[in-house]
Amino acid sequence: MDLSNHPKSLITGAASGVGRAFAKHLASQGYDLVLIDKDKEKLEDLSKELSNEYLQEVEIRVVNLSNQSELNNLKDYVSKIDNLEILINNAGFGLSGHFTRNELDKQQEMINVHITACFTLCRVAIPKMVERKKGFIINVSSMSALIPLLGNVVYNATKVFTITFSEALQAELRNTGVKIQVLCPGYVDTGFYNSEELKGFKRATIPKRMWMTADKVAELSLKALKKDKTIFVPGLKNRILLRTLTKGLSGLFVKFFSKMIKKKISLTYLVET
Ligand SMILES: NC(=O)c1ccc[n+]([C@@H]2O[C@H](COP(=O)([O-])OP(=O)(O)OC[C@H]3O[C@@H](n4cnc5c(N)ncnc54)[C@H](OP(=O)(O)O)[C@@H]3O)[C@@H](O)[C@H]2O)c1
C-alpha cells in the first residue's frame, strides 16, 4: 500500500545523464520517485541527494533491463503501483560500427533495453493510467531515428520502434487522459559517449552549439508534455537541422502550408477504438 499522497514517477536509466536530470526536475516538482538502473552505487548517491534536497520519497531498484527475469520482477512491481503518474522509459546505450562486426549479444541486449523493456513497462502501467484517466509516458528515442541511413543499424532501428510504437499508442489512447511523448534528442552531453561501445566517437567532430545539457533536455521535455504533440525534438537548432536534412529547406515552407491546411481539414488517425 502506498501511504504518500504525492504523485509518483518511475524513471529507467535514472542513475546518470538524461534520466538523472528527469529525476531532479520531477523531485523539485513534488513527485515521489522510483529510480531504476543497473548501477547501485550511483542510484544510492542520487537517492540520498534528492531525499535531502527535496524531501520526496525516493525508492531505488537495481534492475538490469536486458535481463528477462529482472524485467519480469520489475513488471510485477509496476503492476502494483496505484499512483504512477509519469513513466519515463529512458534507459539506453549506444553501439557504433558495422552491423556484422558488433557483438551479437550487445545487439540483443540493446533490443531488450530499447524495445522489450519500454514495451513491457508501458503495457503494465497504461491500464491503471486509463482507469484513473490520467498519466504521462515519455519514451526516449533519438533524433537519429528520424534521419534514415545515419548511424548504427540496431540503435536506429530500435529507436525507430520507439517512435512508431509511441505514435500508434497515442492515437489509440486519444480521449483517455493518457499522454505519450516520444522524446528525440540530438547530441546530449552525458556519459553516453564514454562507453566502451562508443570509444571510436570523437566529440570534437560535433560543433559545440549542437550539444545540449541533460538538464535542458529534461526540462524542455517535461514542459512539452502540455503540448498536443507526440514526437518532441528538444532545441530549435535540432529541429532546423532535422528539417533541413530530411526535407531540405523547402520542407520549412511545406510544413508552414500544411499547418494552414490542417486547420481546415482535420487529419486524424484511423484506428479502432
Ligand atoms: N546522449 C545523447 O546524445 C543521446 C542522444 C539521443 C538519445 N539519447 C538517448 O537518451 C537516453 C539516455 O541516455 P543518456 O545520454 O542519458 O546516457 P547515459 O548517461 O549513459 O544514461 C543512460 C542510463 O541508462 C542505463 N542503462 C543502460 N543499459 C541499462 C540496462 N540494461 N538496465 C538498466 N539501466 C541501463 C545506464 O546505466 P550504466 O551507466 O550503468 O550503463 C545509464 O545510467 C538513452 O535512451 C539514449 O539512447 C541520448
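Tutor: Let's start with α7, whose buried residues are Asn 238, Leu 242 and Arg 243. Looking down the axis of α7, those buried residues fall within an arc of 130°, so they line one face of the helix. Helix α7 itself covers residues 236-247, which makes 12 residues, and reaches 16 Å from its first C-alpha to its last, close to the 16 Å expected at 1.5 Å a residue. Keep in mind that this is a predicted model.

For some context, the chain's secondary structure comes to eight helices and nine strands. Of its 273 residues, 45% count as buried. If you take contacts between residues at least 6 apart in sequence, 69% of them join residues at least 24 apart.

Now for the helix I'd really zoom in on, α1. Helix α1 also has its length on record here: 12 residues, reaching 17 Å from first C-alpha to last, close to the 16 Å expected at 1.5 Å a residue. The buried residues in α1 are Val 18, Gly 19, Ala 21, Phe 22, Ala 23, His 25, Leu 26 and Ala 27. After α1 comes Gly 30, with a positive phi near 95°.

What does α1 pack against? Take α2 to begin with: α1 (residues 17-28) and α2 (residues 40-54) pack at an angle of about 20°, with their axes 10 Å apart. That angle makes α1 roughly parallel to α2, and the crossing of the two is right-handed. On the α1 side, the contact is made by Arg 20, Ala 23, Lys 24, Ala 27 and Ser 28, and on the α2 side by Lys 42, Leu 46, Glu 49, Leu 50 and Tyr 54.

Then there's α6 (residues 214-224), whose axis comes within 8 Å of the α1 axis, the two crossing at roughly 55°. That makes α1 oblique to α6, and this crossing is right-handed too. Here α1 brings Gly 17, Val 18, Ala 21, Phe 22, His 25 and Leu 26 to meet Ala 214, Asp 215, Val 217, Ala 218, Glu 219, Ser 221 and Leu 222 of α6.

Next, a loop residue. Gly 94 sits in the loop between β4 (84-89) and α4 (104-132). Is Gly 94 buried or exposed? Gly 94 is buried, because its relative accessible area is 3% and the cut-off for buried is under 20%. Leaving aside neighbours within four places in sequence, Gly 94 is in contact with Met 110, Tyr 155, Phe 192, Glu 197 and Leu 198.

Last, step into α4, where Gln 107 lies. Gln 107 is buried too, with a relative accessible area of 6%. Not counting residues up to four places away in sequence, Gln 107 touches Leu 95, Phe 99, Asn 102 and Val 154.

Note on methods. Residues are numbered from 1 along each chain as its sequence is written. This is a predicted model: local features need pLDDT of at least 70, side-chain atom pairs count only at pLDDT 80 or more; totals for chains, interfaces and linings use all residues. Side-chain values use heavy atoms; hydrogens and water are left out. Helices (H or I, at least four residues) and strands (E, at least two) are DSSP runs, numbered from the N terminus. The expected span of a helix is 1.5 Å times one less than its number of residues. Buried means under 20% relative accessible area, exposed over 50%, partly exposed in between (1.4 Å probe, protein chains only). The arc is that of the directions from the helix axis to the C-beta atoms. Axes are lines fitted to C-alpha atoms, for helices over the stretch in contact, and angles run from 0 to 180 degrees between N-to-C directions. Angles under 35 degrees count as roughly parallel, over 145 as roughly antiparallel, 65 to 115 as roughly perpendicular and the rest as oblique. A crossing is left-handed if the near helix is turned anticlockwise from the far one by less than a right angle, and right-handed if clockwise. Contact means heavy atoms within 4.5 Å.
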